[in-house]
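This report describes the packing of helices, the pairing of strands and the salt bridges in one structure. Please consult the sequence and the model shown here.

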Amino acid sequence: MYADNIEDIAFVQGFNAARDRLWQIDLWHRRYLGELSEVFGDDWVEYDRAARLFTYRDDMDDEWGAYGPDAETIATGFANGVNAFIDKTADNPDLLPVEFKALDYEPRQWAPEDIVQMRAHAITLNLSNEVQRAVTLREFDEDVERVREWLNPEDWELEIPDGLDLDLIPEDVLDVFSMATMAHTSISFEEEDVRNSEVLDDLSTVKRANNVGEPTASDVPELMDMESPSASNNWAVGPELTETGRPIVANDPHRAHGVPSLRYIAHISSPEFNVIGAGEPGLPGISIGHNGHTAFGLTIIYIDQQDLYVYETNPDNPNEYRYEDEWESMDVETETLEVRDGDDCKIELKFTRHGPVIHEDPERNVAFAVRTVWTDPGTNAYFGGLGYMRAENLDEFQAAMEGELTDEMRGWGAPPENQVAADTDGNIGWFPGGRTPVRENWDGLLPVPGDGRYEWDGYLHQSNLPREVNPDRGWVATANQFNLPEDYPVDDPPIGFDGWAAPYRYNRIEEVLSEFSEEMPHSLEDSTDLQTDFLSIPIRILTNALAETEPEEEQLIEMQEWLSEWDNVLDADSSEAALAEVWFENHLQDAVTAELVDEEAVEHIGTADVQVILGAVENPEEYFEENAVETRDDVLLSTLQDAISEVEELLGEDREEWEWGDLKHAYFEHALAAGVSDESAESLNVGPQPMGGSGYTVWNANYNDDFQLTSGASWRMVIDVGEWNNSVAMSVPGQSGDPESPFYDNLLDKFVAGEYFPLLYTRNAIEGACTQHIALEPADEE
């Protein structure tokens with residue numbers, strides 16, 4: 001996309017995003033601005049109320065300034081571009097996406113502030129863990145909590161904040177918060193919601209031979225555990241270790257999979273910048289990619305950006321809460337929701353000095369509110385990419401992350417990110433970013449009283465976060481693991497102690513990247529191979545431990561030898577992978593958990609933290625009290641026997657016929673699929689396709705109880721810094737959100753095969769590959 005000024009290029013990006021993804025971005029905005037009941041009815045009123053609690057409500061001038069120069073101009077251009085396409089659908093209804101017709105409503109016009117007022121779509125960290133930790137400590141003890149959730153550093157001591165009464169915290173305290181933050185990919189519609197299903201009958205399925213599976217209904221999800229983000233990987237390899245003598249940047253952020261895709265690929269070029277990569281379809285700019293000078297990619301870092309506050313409320317007035325020695329009034333706002341096929345509905349929104357009130361119990365004189373960075377200017381998710389996407393070198397990139405480009409700019413806000421970057425001068429670096437609350441007298445691991453004893457003392461300036469530029473090893477990498485340096489003061493102020501991903505993906509990345517040297521340099525293909533690597537370190541730990549056992553039964557002896565000779569790579573056609581994953585996920589983890597805590601605790605926590613599970617397998621003496629090795633071996637062998645029986649039932653008795661991909665599959669579900677006919681669902685859904693991997697491989701591929709892919713690489717890129725046309729990328733399942741478009745699912749086959757497409761950058765290369773031009777011209781004012 002090319003234009004002559006910054007507002008025009010934003011217009012073009014908005015127009016094109018709407019052309020490809022109008023229904024998706026309209027649904028997202030309605031979801032997070034609290035407008036679903038207007039078009040879908042009263043079932044969504046509570047969701048709308050929850051969303052409105054977390055929209056941005058502060059000064060808009062501060063908001064625009066916080067992102068750096070031109071933020072309002074860019075948002076205005078983007079919104080105008082979306083609206084221009086909406087206007088075209090009014091003139092030509094054939095352009096309107098079929099989902100609007102099926103659900104019988106029309107797209108809403110956008111205002112620039114709509115783009116940034118959404119807050120609850122950011123990846124959220126820590127809050128549900130605070131509540132689950134509080135409940136676990138109340139019902140059991142710290143030993144059970146240590147099995148439930150791994151802390152970093154591991155020896156960090158838990159302390160219950162002074163004045164916190166754990167008995168006051170109900171298990172449903174986060175219901176409203178969970179409704180507010182429910183992922184947009186989780187919305188689905190039932191048969192009664194689809195008012196004009198016949199418009200779907202004519203969808204062509206000829207072009208999409210992948211759609212051969214039965215559709216699976218997706219209900220509105222459970223309201224707990226909604227905040228766990230998916231994993232991601234990124235790395236940058238310095239020029240001294242590459243074949244080309246130029247840096248290589250690789251990134252594959254992992255999120256929930258669906259159709260249309262979460263990511264939207266764009267190349268936006270104007271005199272102010274020329275940037276290519278991926279973002280989300282409803283946001284202007286690029287958050288992951290390069291600009292011809294600097295390449296950049298992100299993963300989540302686990303900065304704790306939320307706290308749950310517990311208030312004593314006034315028995316004579318539940319809208320007052322105790323703060324210090326006085327009763328302080330909540331701010332109460334009344335808003336009106338339009339409700340389809342119903343009367344307008346008035347909703348009440350309450351706020352304390354800390355944030356939105358999410359739960360009240362007047363009988364116990366208690367209320368709960370959330371303090372989060374979202375309520376501050378400059379924290380719309382990923383909109384902060386506008387600051388760094390024009391950085392010409394690492395110094396400018398770092399300045400943008402820290403908010404040093406203008407006096408008003410506040411730096412990267414949310415979600416908290418590990419950024420890796422490289423520039424054409426040959427520099428590479430790791431730059432964490434995110435608002436980090438300064439908690440002077442507690443660690444953020446549990447809820448706290450809201451009476452004034454536990455307050456944030458502003459934010460840590462981002463220049464005080466750790467960073468790494470041009471390290472001696474020649475590369476930087478992150479995979480959501482605990483990556484604060486050993487000499488970094490983890491508690492001054494606390495950055496975050498929980499939620500960090502298990503280290504196995506990073507361990508594998510480190511294992512591979514450490515093999516390269518000036519004598520054996522790293523190539524672009526080496527980076528794509530690593531992004532699509534299926535070796536599982538957890539399974540390797542498991543098979544190594546199995547090799548130490550002494551089974552007596554002939555079948556187990558045979559299986560022990562078979563798995564011990566295997567390379568632990570979870571390829572789709574691997575027989576061993578089918579057994580190993582069923583063993584690990586369906587049998588071993590539950591059995592180890594049952595050995596570590598009693599039956600009542602198992603019922604409460606479910607499965608133990610995976611690092612606890614594998615710690616017990618690898619070092620049984622540290623986890624089992626008596627006969628540790630014997631206990632471990634008994635668990636390994638008994639669960640392996642159970643897994644063999646399950647796989648034989650699923651895939652037959654001939655293990656040579658087993659394939660992991662006969663169980664594990666990529667299948668992308670559309671939100672309407674559960675409410676329409678099988679034939680229409682077949683046209684809307686994409687897949688299934690056999691697929692390897694797991695949630696612990698570098699090629700991250702989480703799956704559910706039905707072995708269906710649920711989350712993973714929403715975007716892959718490998719960037720040749722300086723020779724940009726050599727760069728490659730992959731998205732899934734396609735760029736378009738139109739079920740009748742050939743670009744709706746055309747990337748699925750390449751995706752599951754671990755392939756890429758060229759990420760062409762220069763104008764000549766693009767013109768040479770172009771098959772269609774679209775010219776946008778100002779409309780005749782008459």
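## Sheet and strand pairing

Two strands are said to pair if DSSP finds at least two bridges between them. Helices (H or I, at least four residues) and strands (E, at least two) are DSSP runs, numbered from the N terminus. The model is predicted: local features need pLDDT of at least 70, side-chain atom pairs count only at pLDDT 80 or more, and totals for chains, interfaces and linings use all residues. Residues are numbered from 1 along each chain as its sequence is written, and side-chain values use heavy atoms, with hydrogens and water left out.

An open sheet is formed by seven strands in the order E3-E4-E5-E6-E14-E15-E19, with antiparallel pairing. Its edge strands, E3 (264–270) and E19 (468–469), each pair on one side only. Seven bridges link E3 to strand E4 (residues 273–279) in the antiparallel sense; Ser269 stands opposite Asn274 in E4.

## Helices on the sheet

Contact here means heavy atoms within 4.5 Å. Axes are lines fitted to C-alpha atoms, for helices over the stretch in contact, and angles run from 0 to 180 degrees between N-to-C directions.

Helix H1 lies across E3 and E4 and runs at about 155° to E3. Helix H12 (residues 394–402) lies across E6 (294–300), E14 (417–423), E15 (428–433) and E19, at about 5° to E15.

## Helix–helix packing

The axes of H1 (residues 6–33) and H5 (residues 71–91) come within 6 Å and cross at roughly 50°. H1 and H5 are therefore oblique to each other, given that angles under 35 degrees count as roughly parallel, over 145 as roughly antiparallel, 65 to 115 as roughly perpendicular and the rest as oblique. The residues of this contact divide into 14 nonpolar, eight polar and three charged. Ala, Val, Leu, Ile, Met, Phe, Trp, Tyr, Cys and Pro count as nonpolar, Asp, Glu, Lys and Arg as charged, and the others, Gly among them, as polar.

H17 (residues 575–596) and H19 (residues 610–618) pack at about 80°, their axes 10 Å apart, and are therefore roughly perpendicular. In H17, the residues Phe584, Leu588, Gln589, Val592, Thr593 and Leu596 meet Val610, Val612, Ile613, Leu614, Ala616 and Val617 in H19. This contact has 10 nonpolar, two polar and no charged residues.

## Salt bridges

The structure holds 37 salt bridges, each a side-chain nitrogen of Lys or Arg within 4 Å of a carboxyl oxygen of Asp or Glu. One of them joins Glu35 and Arg108, whose closest N and O atoms are 2.7 Å apart. Glu35 lies in the loop between H1 and H2 (37–40) and Arg108 in the loop between H6 (98–103) and H7 (112–117), so the pair ties together parts that are 73 residues apart in sequence.
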